[in-house]
Amino acid sequence: MDPRGTLALTPFVAAVCLVALPAVAFCQAESPGEDLVLADFEDVAGWTGLVLDSDTVKVGASSGKWSSMDQSPQAGTQEIPHDWSAYTGLSLWLYNEKRLEDAAFMLIITSEREESEGPDYYSLRFDLKRWEGWEHFVVPFEEMGAARQPMGWGQIDRIEFTASGWGNTPHPEAVVYLDDLRLLKMGKVDGPRLTDEEFFGAMNLEYPGLGEVKAAVEAGDWTAAKAAWLEHLKSRETPRWFIDWRDKPERTPAPQTGGSEGWDYYAYQPAVDWTGWKHFSLKKSDFNASRKPIGWHWIDYISINAGGWGQTPDPETILYFDDIKLVGPDKTVVLGDFEDGPGDWRGLELAEDVAKEGTRSGKWHNMHVASSLRYATEITDWSEFDALEFWCYSPKATGAKFTMVLDSDQPAQQKADEIVRHLIQGHDFGPDIDWSADPNNYREWTYAINRFFHWRTLCEAYWSSGDEVYAKEFSDQVVDWVKKNPVPLFSSGNGSYTWRTIECGIRTPDVATTMTKSMVEHARHLMMWPMSGNWLTMESNGLGTLGILLPEFSEAQTWWDTAAGQPGLPGRGADRTDHGLPSGVPQQLPGAGAHGEAQ
């Protein structure tokens with residue numbers, strides 16, 4: 001796949017919204033250790049707001065019933081162990097008599113600090129529209145909200161459930177039963193949380209092409225299922241990126257000698273002094289040499305630039321390119337006809353309103369924003385060609401200049417080599433990357449790390465060089481991130497460095513499965529925690545992309561429908577079938593993924 005095709009709580013409240021999930025989802029989080037029962041609800045002595053109930057029970061003979069919340073909005077106790085420091089999570093069974101819109105309650109765990117102004121506590125929010133009947137909640141302490149400056153888990157004063165405050169109004173129809181409240185010693189959890197069984201269970205195994213996957217799943221052979229899934233990804237025809245990874249050219253190795261200490265290239269600089277179509281036939285003599293180009297037998301890429309070289313990008317200049325080709329006495333090679341899209345031309349958009357040959361062209365506009373185009377040439381040896389030819393349409397003669405550069409320098413993989421050494425954004429992470437590191441005390445720096453712009457650099461280095469070291473480093477970093485950053489169970493992650501929804505895009509069976517598991521977890525996370533404004537736009541971009549990219553999953557249509565119904569996503573309100581494939585999958589994918597970046 002083409003690497004260039006490569007998804008806040010207020011300080012006062014600091015509350016985390018809880019979602020009901022099946023108990024099985026938490027089994028991997030628990031490690032051997034003695035739990036501490038805070039309340040078994042075999043009696044409710046010491047509790048306010050609860051009555052004993054023996055009809056609706058999960059564990060033992062009775063539970064604590066909380067009803068008439070409009071008259072009794074709190075239920076709580078101080079008769080608990082006060083030192084929770086030996087534990088890392090809380091477990092609780094809750095029975096919701098019926099789903100209710102606009103009904104929720106809070107769990108407030110008080111940990112007062114005398115010198116702090118206002119109450120200090122940890123908090124969880126339970127939304128009564130999320131589930132009905134019994135649900136098991138297992139929550140790591142680290143996912144709980146913290147208001148002001150709690151003393152810590154070694155000093156817990158009181159636990160209280162409250163249906164009032166924090167934006168909640170007690171609902172007179174709400175009835176909740178509590179059972180088996182306890183503290184857990186939870187071991188460290190590695191991502192992804194999805195087990196192999198859950199992962200393949202989420203697939204629509206009747207989807208075309210999944211026959212081998214289905215057979216392996218039915219046999220319970222997860223190793224074979226992973227291998228079959230990778231083969232399916234490698235062989236499926238749709239959906240596809242702008243460039244199919246199978247079309248990766250076998251590039252001629254760069255010359256071992258030549259060039260200078262600076263940048264070596266050939267350049268041609270015209271002015272936009274025409275309107276309509278103009279034909280260019282640029283001979284080698286039309287280009288000026290900068291420093292010491294290696295020669296016409298080594299042209300690494302073409303770039304067309306509106307800035308630099310004494311130029312200022314002109315926002316009024318718009319250019320359309322068509323029928324770009326290398327012409328020689330014995331053969332002609334087309335570099336861009338744009339009938340199937342922009343192809344390898346980064347920076348161009350597909351245009352159907354203007355075309356010279358065929359029905360489409362490549363449009364370059366907003367030059368003050370997108371100031372350059374780039375094309376990584378499949379043909380690096382131009383010595384057998386006489387000219388570079390193309391058509392260019394200008395709606396207006398603005399007089400603006402642009403510079404066409406033919407790079408004839410030693411390939412520069414310096415940035416990718418730095419990333420391989422874990423030198424990223426100027427910071428040396430050492431052998432083990434800390435994805436939450438904030439060396440500059442500037443959160444946006446860490447957010448940028450978790451948008452994975454540097455992965456694109458690795459992918460481009462591999463695409464241009466074919467060096468497996470870059471592919472291996474990309475795979476290693478994907479697996480490392482997923483392992484170290486399991487998806488939050490009960491929070492939006494917006495208070496963390498690594499799981500903010502605004503950031504929430506394979507080479508071996510295990511890597512392919514791990515990466516796809518994480519994509520599914522990203523999609524479900526975005527479905528569960530929609531924000532608003534520009535956050536929602538980025539979330540919808542990632543969610544919609546995943547709905548397109550993973551049609552094999554039963555939830556894919558829901559992901560797409562949800563994203564397409566949100567403002568800011570191109571194709572809002574459309575169905576996936578609008579894009580023309582029998583399976584309803586678009587032919588072309590946008591260059592974004594689960595975090596809305598390289599994502």
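Student: Is Ser68 buried, partly exposed or exposed in this model?
Tutor: The model is a predicted one, and in it Ser68 is found in the loop between strand 4 (63-66) and strand 5 (74-77). Buried means under 20% relative accessible area and exposed means over 50%. The relative accessible area of Ser68 is 33%, so Ser68 is partly exposed.

Student: What is the phi of Ser68?
Tutor: Most residues other than glycine have a negative phi. Ser68 is not a glycine, and yet its phi is positive, at about 50°.

Student: Where is Arg148, and what is its relative accessible area?
Tutor: Arg148 has its place in the loop between strand 10 (145-147) and strand 11 (158-162). Its phi is near 60°, a positive value in a residue other than glycine. Arg148 is partly exposed, and its relative accessible area is 28%.

Student: Is Ser91 buried or exposed?
Tutor: Ser91 has its place in strand 6 (residues 89-96). The cut-off for a buried residue is under 20% relative accessible area. Since the value for Ser91 is 4%, Ser91 is buried.

Student: Which side chain is joined to that of Ser91 by a polar contact of 2.8 Å?
Tutor: Leaving aside its neighbours within four places in sequence, Ser91 is in contact with residues including Phe137, Val138, Asp180 and His136. The polar contact of 2.8 Å joins the side chain of Ser91 to that of His136.

Student: How are helix 2 and helix 3 oriented to each other, roughly parallel or roughly antiparallel?
Tutor: Two packed helices are described by the angle between their axes and the distance between the axes. For helix 2 (residues 211-218) and helix 3 (residues 222-235), the angle is about 170° and the axes are 8 Å apart. Angles over 145 degrees count as roughly antiparallel. Helix 2 and helix 3 are therefore roughly antiparallel.

Student: Which residues make the contact of helix 2 with helix 3, and how many of them are nonpolar?
Tutor: Helix 2 contributes Glu212, Val213, Ala216 and Val217, while helix 3 contributes Trp222, Ala224, Ala225, Ala228 and Trp229. By class, this contact of helix 2 with helix 3 has no polar residues and 1 charged residue, and the number of nonpolar residues is 8.

Student: What kind of peptide bond joins Thr238 and Pro239?
Tutor: Most peptide bonds are trans. Pro239 is found in the loop between helix 3 and strand 13 (265-268). Omega between Thr238 and Pro239 is about -10°, and the bond is cis.

Student: What arc do the buried residues of helix 10 cover around the axis?
Tutor: In helix 10 (residues 556-564), the residues Ala556, Trp559, Trp560, Ala563 and Ala564 are buried. They lie on the same side of helix 10, because the arc they cover around the axis is only 120°.

Student: How far apart in space are Ser372 and Ser303?
Tutor: Ser372 lies in strand 22 (residues 372-376), and it is partly exposed, with a relative accessible area of 35%. Ser372 and Ser303 are 69 residues apart in sequence, whereas their C-alpha to C-alpha separation in space is 6.8 Å.

Student: Which side chain makes a polar contact with the side chain of Trp309?
Tutor: Trp309 lies in the loop between strand 16 (301-305) and strand 17 (319-327). Not counting residues up to four places away in sequence, Trp309 touches Trp263, Tyr265, Gln269, Thr403 and Val405. The polar contact, at 3.0 Å, is with the side chain of Tyr265.

Methods. Residues numbered from 1 in each chain as written. Predicted model: local features only at pLDDT ≥ 70, side-chain atom pairs only at ≥ 80, totals over all residues. Heavy atoms only, no water. Axes fitted to C-alpha atoms, helices over the stretch in contact; angles between N-to-C directions. Helix = DSSP H or I, 4+ residues; strand = E, 2+ residues; numbered from the N terminus. Parallel < 35°, antiparallel > 145°, perpendicular 65-115°, else oblique. Contact = heavy atoms within 4.5 Å. Nonpolar A, V, L, I, M, F, W, Y, C, P; charged D, E, K, R; others polar. Buried < 20%, exposed > 50% of the residue type's maximum accessible area, 1.4 Å probe, protein only. Arc of directions from axis to C-beta. Polar contact = N/O pair within 3.5 Å; in protein donor to acceptor, adjacent residues only side chain to side chain.
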